[in-house]
Amino acid sequence: MEKKTICIDFDGVIHDYSNGFQGEDVFGGMIPNANTGTSVLKEKGWTIIIFTTRKKTEKLKKWLEDNKIAYDYINENPEHPERTSGKVIADVYLDDRGICFNGRWDQWLIREIADFEPWQKRQQKEMEQLSNFREPEDSIWDRGNERRIKASSL
Ligand SMILES: [Mg+2]
């Protein structure tokens, strides 16, 4: 089995970061299935590095253990060759603030960068749009207490 390494971001990928940074050892709930996903990668032989701007504190390690996140290292890869920078060598980076580079510096890429929003922000906007959604009155069919959307407006 080929051994591969993945760097997984913590904020917004492993734990909920919808409210932004709240303090060094303040964490949100686990993103659903982060425990299962990391366990499956581990079973498949991946080396998992939690790669975060946060420091490797005891509370962070405890949170990862309490939430059964499978990982090998935090912010380091001891299997690194010497004389490399602080960027951790990995086959894949998983991050909520990344754009996958597909080999071309073109307008699409520039637009993607300019318009980039992390998933939490996109989700928040979708929720706001949904809560502001109102049926126009002429598409509502009324009879007594019954209110339905007219089939012709669907
Ligand atoms: Mg993040």
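Reader: What percentage of the 154 residues of the protein chain count as buried?
Author: This is a predicted model, in which local features need pLDDT of at least 70, side-chain atom pairs count only at pLDDT 80 or more, and totals for chains, interfaces and linings use all residues. Residues are numbered from 1 along each chain as its sequence is written. A residue is buried if 20 or more other C-beta atoms lie within 10 Å of its own, exposed if 12 or fewer, and partly exposed in between, with C-beta atoms placed from the backbone. Of the 154 residues of the protein chain, the buried share is 12%.

Reader: What is the radius of gyration of the protein chain?
Author: The radius is taken over C-alpha atoms, and the globule rule is 2.2 Å times the number of residues to the power 0.38. A compact globule of 154 residues would come out near 15 Å, but the protein chain has 22 Å.

Reader: How many Å separate the centres of domain 1 and domain 2?
Author: Domain 1 covers 5–100 and domain 2 covers 117–154, with bounds from an automatic or database domain assignment. Taken over C-alpha atoms, their centres are separated by 38 Å.

Reader: In which order do the strands of the four-stranded open sheet lie?
Author: Helices (H or I, at least four residues) and strands (E, at least two) are DSSP runs, numbered from the N terminus. Two strands pair if DSSP finds at least two bridges between them. The edge strands, each pairing on one side only, are β3 (73–74) and β4 (92–94). With parallel pairing, the open sheet has the order β3-β2-β1-β4.

Reader: Which residue in β2 is the bridge partner of Ile8?
Author: Strands β1 (residues 5–8) and β2 (residues 47–50) run parallel and are joined by four bridges. Across from Ile8, the bridge partner in β2 is Ile50.

Reader: How many of the 14 residues of α4 are buried?
Author: Helix α4 (residues 119–132) reaches 20 Å from its first C-alpha to its last, close to the 20 Å expected, where the expected span is 1.5 Å times one less than the number of residues. This helix is hardly covered, and its count of buried residues is zero.
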